[in-house]
Amino acid sequence: MREDIVEALKNIVGDDWVVNNPEAVKSYLEDETEPGVKVEPAPATDVVVVKPVNAQEVSEILKLANREGVPVYVRGGGTGLACGCVPSKPGVVISMERMKEIEIDKENLMAVVGAGVTLGELLKAAAKEGFFFPPHPGDEGAQIGGLIACNAVGARAVRTGPMRNYVLGLEVVLPTGEILRLGGRLVKDNTGAGKLMHLFIGTEGILGVITKAVLRLSPQYKATATMVVPFNDRRACLNTVPEILQSGIIPLGIEYVQKKEVELTAKRLGLEWPSKEGEYYLLIMLAEFNEDTLYAQLEEIASICRKNGSLEPLLAETPEEQTNILKIRSEIYPTLKPYMEDSPDITVPPANIGKLIEELEKLERKYDIYIPLFGHAADGNLHPVIPVKEGWTKEQYEKLRMEMYQIAVKLGGVTTGEHGVGEARKKYLKLNLSNEAIETLRKIKKVLETTPSH
Amino acid sequence: MVFAEQHNGKIHPVTFELLSKGRELADRKEVELSSVILGHQIREEAKELIYYGADKVFIFDHPTLKEFDSILYKQNIVSLIREEKPEIVLIGATHLGRSLAPRIAAALNTGLTADCIDLQLDEDGELIQVRPAFTGNILAYIKTKTKPVMTTVRYKVFKARERDPMRKGEIIEKEVKVVEDTGTKILGKIPREAVNISDAGVVVAGGRGLRRPDDLKMLEELASLLGGVVGVSRPLVDEGWASKDRQVGFSGNIVKPKLYVAVGISGSPQHLAGMKDSEIVVAINVDPSAPIFNVADYGVVGDLYEVIPKPIEKIKLRKMKL
Amino acid sequence: MTDNEFHIVVLIKPVPDMEKVRFDVEKGVVDRSSAPLEINPFDLNALEAAVQIKEKLGGEVTAVSMAPPAAESVLRDAIARGADRAVLLTDRRFAGADTLATSYALASAIRKLGRFNLIICGEKTVDGDTGQVGPEVAEMLGIPHIAYVTEIREVTKEKLLVVSELGAPYLMELKLPGLITVTKDVNKPRLPTLKDKLKARKAKVEVWSADDLADVADVSRFGFSGSPTQVVKVLVPPMKKRRSQIFKGEDAVDKLIEALEMEGLLR
């Protein structure tokens with residue numbers, strides 16, 4: 001990296017917060033993307049890491065990068081699955097880790113958080129004041145800025161949806177250095193600002209750098225439970241999900257997992273998978289304000305499950321038991337990672353999940369391969385794993401991946417429901433978006449990148 | 001009175017720490033400090049209790065006392081306490097101590113405070129026992145209205161005084177009350193299995209800063225010199241350099257050692273979640289802005305390959321001298 | 001229950017969820033309304049151990065607690081997890097008990113229950129963290145105990161073969177009747193089924209007052225009046241501050257070694 005740029009960065013944030021020792025830079029080059037689609041980062045010697053502490057410093061860094069024509073890569077917790085933060089070309093990595101401001105606004109049921117606050121830190125701070133924050137994409141080391149930029153979802157989104165639904169205000173730095181403050185501690189904001197804000201949610205940072213956010217919190221639920229429902233039949237298991245939703249009960253989350261994967265994961269974590277019966281499981285997370293309502297819902301859901309052939313459900317109620325189940329669920333992905341080439345994030349309309357399974361089973365037969373499967377059943381979002389298979393070439397993996405994507409699209413779905421596009425999956429964007437739509441995004445980006453004339 | 005815990009005739013170091021605190025309390029109250037030891041062929045070891053501060057040592061020496069038996073130990077100590085009437089009884093808050101002390105307290109129908117981290121005297125000379133409660137969120141100051149005041153004290157909170165082999169004191173052999181069958185029996189010791197880094201007192205952990213799997217050996221050397229074990233961050237487990245049972249972090253083991261040395265670990269939130277409650281954190285990293293330094297007590301910004309050999313040399317040299 | 005049936009008593013403490021509970025610094029007490037009560041996590045292992053033994057030897061498992069009336073739900077949870085019977089000691093006169101008075105009340109209740117072969121407790125509670133009640137109860141009942149049991153190897157109606165952690169793991173034998181306290185390593189508690197949970201919601205918890213124990217106990221030894229230890233002051237320790245001494249440059253390592261020696265860490 002050019003010495004003058006390193007010096008200029010040091011002038012902005014101070015000597016201590018610029019990292020260009022290649023040994024140290026190594027820690028900022030990768031994220032959690034699957035090996036098969038991973039983008040190779042630029043050499044550590046060509047990358048400099050800078051750690052600004054506020055929007056003003058971010059603004060100056062962006063202006064500098066613009067002036068010098070150097071690419072910038074914004075890095076949060078590094079937990080992404082699309083190489084969104086990977087410096088694929090020589091450039092500047094902006095690590096948000098120092099933006100740790102966190103304020104719980106009890107009166108308004110909101111939190112004001114810096115982009116670098118991790119999900120784990122937010123959950124803890126919120127719990128301390130009696131609040132709860134539902135979105136949970138698995139790794140609690142994910143940072144708020146990244147969660148918003150990628151519109152993260154995860155396991156507890158059936159009732160209240162993705163990250164977008166929790167964002168009330170944003171501080172964003174535009175590529176040209178202007179700092180925008182949009183929305184705020186408002187539940188409603190129908191001015192232009194409130195609408196403009198949504199442009200920056202889920203666009204993976206291509207339109208600006210999120211530095212701070214106002215988030216909506218949920219009160220702590222008095223009665224919560226996670227029900228583990230075992231099934232011997234996979235399709236029966238998944239076909240139960242739309243029926244539960246149609247019954248009018250909207251759980252916090254409904255997850256689908258399979259015996260092979262959860263037992264492997266539990267073993268790795270030193271835990272034990274609670275159910276000894278069945279091969280396929282629904283994990284149904286419920287949260288209510290009193291126990292009677294909770295149990296009424298549990299009984300109703302259980303009777304739907306039994307009608308579809310489930311075995312006797314198990315019930316986790318203590319925080320530790322529920323946490324352990326969520327932990328096993330969250331850690332399936334990292335457990336399988338050493339054995340996986342890729343794990344497409346395909347998403348179809350919730351009612352089509354049964355059809356999706358049928359198609360995936362056909363692929364298993366066609367390719368003579370076991371496809372580990374888990375995901376957010378009620379969102380129609382599954383993560384079939386493309387396992388590493390001896391003797392397979394890149395082309396064979398690519399063929400299987402494309403088939404999975406095409407199935408999703410054919411069933412009215414998309415190639416990614418939550419992991420995003422990033423650098424790793426840009427080439428598949430065309431399967432979802434028309435040329436006109438992609439062009440429109442480009443135009444918007446272009447406008448935001450143009451330095452204002454005043 | 002200080003209970004001297006011994007295993008195979010070797011006195012547990014918490015005993016010396018208790019003697020040191022006991023000495024201080026006894027001097028301020030102007031009373032004697034006694035100690036009691038139970039075991040078999042422990043007369044030589046009993047002298048150590050005097051060297052570390054006891055005025056009087058009561059010995060119960062008998063083959064049946066060679067290994068711990070909660071009922072036998074309790075009976076002999078209870079009768080000694082009834083005779084000697086000490087004001088305060090201190091017992092180490094080890095597993096053995098915490099199994100034994102409640103039986104004694106219940107037999108004497110007196111108060112017992114667990115796992116204290118400080119002992120003070122108030123203006124009336126009454127013992128104030130300080131212990132953490134609610135997972136360390138609060139400190140409770142506790143007084144006992146019955147006598148003796150009984151307390152178990154956490155290991156490694158008080159410093160043992162210097163051993164003084166010139167120190168004089170009285171050793172009193174007591175008659176042992178033997179019970180044929182107490183209902184419990186030790187059948188044997190079991191070799192400890194796999195490393196348990198969650199319980200280790202010292203953890204030396206390596207991360208992405210290491211260049212080769214072989215370099216973990218260097219950390220192993222440092223760890224064993226410090227009496228600890230080696231841990232790793234997640235990337236090393238993912239790379240297959242170390243087994244999962246060594247992983248420190250949210251998805252691995254949560255550790256709370258007295259000393260945590262993070263070597264070439266930048267400090268991802270996932271890692272910090274597994275070690276942030278360590279008592280003292282030392283970080284060695286080339287990156288001065290690595291988040292690990294935010295939770296470190298001491299840190300060195302530098303190349304771990306230059307840093308680590310130095311303390312290894314230093315400790316080795318010291319051990320050779322001893 | 002017939003006379004030769006194996007009878008296990010499990011001592012259970014209802015505790016607040018430690019993640020959520022708040023402490024009222026001014027009043028010096030725990031804000032009980034801040035978190036719901038649950039079974040002390042270590043007691044779940046005790047209950048699981050009891051149920052596993054019952055599955056082998058037959059008989060009956062009784063859960064006993066001393067707690068405020070709100071703890072009934074916790075005992076119902078114990079029933080869902082396999083206890084056949086649950087007894088809750090609840091009375092103002094039990095309040096303010098330290099470990100000695102708690103042990104006395106629990107030991108009295110066990111005496112009142114009559115026959116027992118084995119008593120199982122968790123190694124400690126997450127709120128009190130003393131680990132004293134088990135051995136104290138054993139002493140008061142005049143039975144042997146083994147604490148910190150990490151593994152139960154064999155069990156018959158006459159004796160138990162266990163592994164106990166006493167600084168090192170020991171293989172030990174316990175003659176019954178006796179008491180053990182178990183660690184988290186002893187087993188992995190199973191999840192209750194929804195069916196058992198629903199059934200337990202309607203189950204009856206026997207509630208005993210201090211007077212109900214008058215025939216087997218001296219009621220003045222219950223609660224605050226029977227407690228020799230008293231909390232005179234409560235402090236919230238200052239947040240632990242890291243020393244944050246980061247050394248750079250040539251003599252950085254020497255400075256580090258010096259600092260660690262000062263801390264006594266290089267011994």
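Trainee: Where does B:Pro148 lie in chain B?

Mentor: This is a predicted model, and in it B:Pro148 sits in the loop that joins strand 10 to strand 11 (149-153) of chain B. The peptide bond leading from B:Lys147 into B:Pro148 is cis, with omega near -5°. Most peptide bonds are trans.

Trainee: And which kind of peptide bond runs from C:Leu176 to C:Pro177?

Mentor: That bond is cis, with omega near 5°, and C:Pro177 belongs to the loop between strand 11 and strand 12 (178-182) of chain C.

Trainee: Back to strand 10 of chain B, then: in which sense does it pair with strand 14 of chain C?

Mentor: Strand 10 (residues 138-144) of chain B pairs with strand 14 of chain C in the antiparallel sense, over six bridges, and B:Ile142 has C:Val231 as its bridge partner in that strand of chain C.

Trainee: How many residues does each of the two chains bring to the contact?

Mentor: Chain C supplies 62 residues and chain B supplies 61 residues. On the side of chain C that touches chain B, the elements giving two or more residues include helix 3 (99-113), strand 9 (145-155) and strand 14 (229-235) of chain C. By class, that side of chain C has 37 nonpolar, 12 polar and 13 charged residues.

Trainee: Switching to chain A, how do helix 12 and helix 13 pack?

Mentor: Helix 12 (residues 353-367) and helix 13 (residues 394-410) of chain A pack at an angle of about 160°, with their axes 10 Å apart, and they are therefore roughly antiparallel to each other. Their crossing is right-handed.

Trainee: Which residues of chain A meet there?

Mentor: A:Leu356, A:Glu359, A:Leu363 and A:Tyr367 from helix 12 of chain A meet A:Leu400, A:Glu403, A:Met404 and A:Ile407 from helix 13 of chain A. These contact residues divide into six nonpolar, no polar and two charged.

Trainee: One more glutamate in chain A: is A:Glu204 buried or exposed?

Mentor: A:Glu204 is buried, because 20 other C-beta atoms lie within 10 Å, and this residue is placed in the loop between helix 6 (192-197) and strand 10 (209-216) of chain A. A:Glu204 also has a positive phi of about 55°, although it is not a glycine.

Trainee: What about B:Asn8, buried or exposed?

Mentor: B:Asn8 counts as exposed, because it has 10 C-beta neighbours inside 10 Å. B:Asn8 is found in the loop between strand 2 (6-7) and strand 3 (10-11) of chain B, and has a positive phi of about 50° without being a glycine.

Conventions:
Residues are numbered from 1 along each chain as its sequence is written. Chains are lettered from A and ligands numbered from 1 in the order in which they are written. This is a predicted model: local features need pLDDT of at least 70, side-chain atom pairs count only at pLDDT 80 or more; totals for chains, interfaces and linings use all residues. Axes are lines fitted to C-alpha atoms, for helices over the stretch in contact, and angles run from 0 to 180 degrees between N-to-C directions. Helices (H or I, at least four residues) and strands (E, at least two) are DSSP runs, numbered from the N terminus. Angles under 35 degrees count as roughly parallel, over 145 as roughly antiparallel, 65 to 115 as roughly perpendicular and the rest as oblique. A crossing is left-handed if the near helix is turned anticlockwise from the far one by less than a right angle, and right-handed if clockwise. Two residues are in contact if their C-beta atoms, placed from the backbone, lie within 7 Å. Ala, Val, Leu, Ile, Met, Phe, Trp, Tyr, Cys and Pro count as nonpolar, Asp, Glu, Lys and Arg as charged, and the others, Gly among them, as polar. Two strands pair if DSSP finds at least two bridges between them. A residue is buried if 20 or more other C-beta atoms lie within 10 Å of its own, exposed if 12 or fewer, and partly exposed in between; C-beta atoms are placed from the backbone.
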